[in-house]
Amino acid sequence: MKAFRILLADDHPVFRMGVCSLIRSHQAWEVCGEADDGRDAITKCMQLNPDLLILDICMPKLNGVDAARQILKHNPKQKILVLTNVESEQVVRDCLEAGVRGWVYKSDRADELKLAIEEMQVGNSTFSSRISDLILVGYQNFHGGQPAVGIRARLTPRERQVVQLVSEGKTSKEIAMLMGVGVKTAESHRSNIMIKLNLHSAVDLVMYAIRNGIVPVQPPAVELTAPETSRPEMVFQAHN
């Protein structure tokens, strides 16, 4: 029987190791590749054409939302299972609109991840029960007259890319080069975003990026005064 080929995209090597171990414990599954940032995920997805992409949201160079959008634009049939610790109603909605049909949290049990992979293998959608609660709260807040920032001032994919690059410490010149635009255009994008989101400093922009799952909790290029928080990892009960 042909193996179900899985590409894993996550920027934490130890976590990837654990998920790969779980995948390989299933006779019918195979890890066909690994990616450690969003751009790498896009490239390897196109090269390897996996049956399933397991994708984190907070990754360097390009976040999972925009990586998923580009991958699905190129191949709408690509199955993508988000595996993350991001709890943002807007991020969930953006992923659903892009065409993502699976979502599991890293704090869920290992057997829940296995079940999610099995569901996607047979063509079903699968979402953690916490997703419906998250969307319901967002809906209630919106209709109660207190929409979240992400709903109030929604960014385009290009604007979100600029936010990520600024939060990673890239200069206007570096942003321009990475996006294939002029320096003035890059600076204009940044100014427009600050106005659109009603933000007043680079730190405000980074905090927005963190809250909306665009960058990890501790972006390496920006020094914040908040204490370090550890990233929760999935519990591999049967694979210590």
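Helices (H or I, at least four residues) and strands (E, at least two) are DSSP runs, numbered from the N terminus. The structure is a predicted model, in which local features need pLDDT of at least 70 and side-chain atom pairs count only at pLDDT 80 or more, while totals for chains, interfaces and linings use all residues. Residues are numbered from 1 along each chain as its sequence is written, and side-chain values use heavy atoms, with hydrogens and water left out.

Helix α8 spans residues 157-167 and is mostly covered, with nine of its eleven residues buried (buried means under 20% relative accessible area, exposed over 50%, and partly exposed in between, with a 1.4 Å probe and protein chains only). Those buried residues are Glu159, Arg160, Gln161, Val162, Val163, Gln164, Leu165, Val166 and Ser167. Their packing partners are α2 (38-48), α3 (64-74), α4 (89-98), α9 (172-179), α10 (183-197) and α11 (202-211). After α8 comes Gly169, which has a positive phi near 90°.

One of these partners, α11, can be followed in detail. Two packed helices are described by the angle between their axes and the distance between the axes. For α8 and α11, the axes come within 9 Å and cross at roughly 115°; here axes are lines fitted to C-alpha atoms, for helices over the stretch in contact, and angles run from 0 to 180 degrees between N-to-C directions. Val163, Val166 and Ser167 of α8 meet Leu205, Val206, Tyr208 and Ala209 of α11, where contact means heavy atoms within 4.5 Å. The residues of this contact between α8 and α11 divide into six nonpolar, one polar and no charged (Ala, Val, Leu, Ile, Met, Phe, Trp, Tyr, Cys and Pro count as nonpolar, Asp, Glu, Lys and Arg as charged, and the others, Gly among them, as polar).

Now to the sheet. Six strands form an open sheet with parallel pairing, in the order β2-β1-β3-β4-β5-β6. At its edges stand β2 (29-35) and β6 (126-127), each with a single partner strand, so one side of each has no neighbour in the sheet. Two strands pair if DSSP finds at least two bridges between them. Strand β1 (residues 4-9) runs parallel to β2 and is joined to β2 by six bridges, with Phe4 opposite Trp29 in β2. Three bridges link β4 (residues 79-84) to β5, again in the parallel sense, and Val82 stands opposite Trp103 in β5. From β5 (residues 102-105), Gly102 and Val104 point one way and Trp103 and Tyr105 the other way, yet all are buried.

Some single residues also deserve a look. Arg16 belongs to helix α1 (residues 13-24) and counts as buried, at 11% relative accessibility. A polar atom of the Arg16 side chain lies 2.6 Å from the backbone oxygen of Asp10. Leaving aside residues up to four places away in sequence, Arg16 touches Leu8, Asp10, Asp11, Glu34, Ala35 and Asp36.

Most residues other than glycine have a negative phi, and most peptide bonds are trans. Asn49, although not a glycine, has a positive phi of about 50°. Asn49 sits in the loop between α2 and β3 (52-55) and is partly exposed, at 47% relative accessibility. Lys61 is not a glycine either, and has a positive phi of about 70°. The loop between β3 and α3 holds Lys61, which is partly exposed with a relative accessible area of 46%.

Conventions. A polar contact is a pair of N or O atoms within 3.5 Å; within protein, one must be able to donate a hydrogen and the other to accept it, and residues adjacent in sequence count only if both atoms are side-chain atoms.
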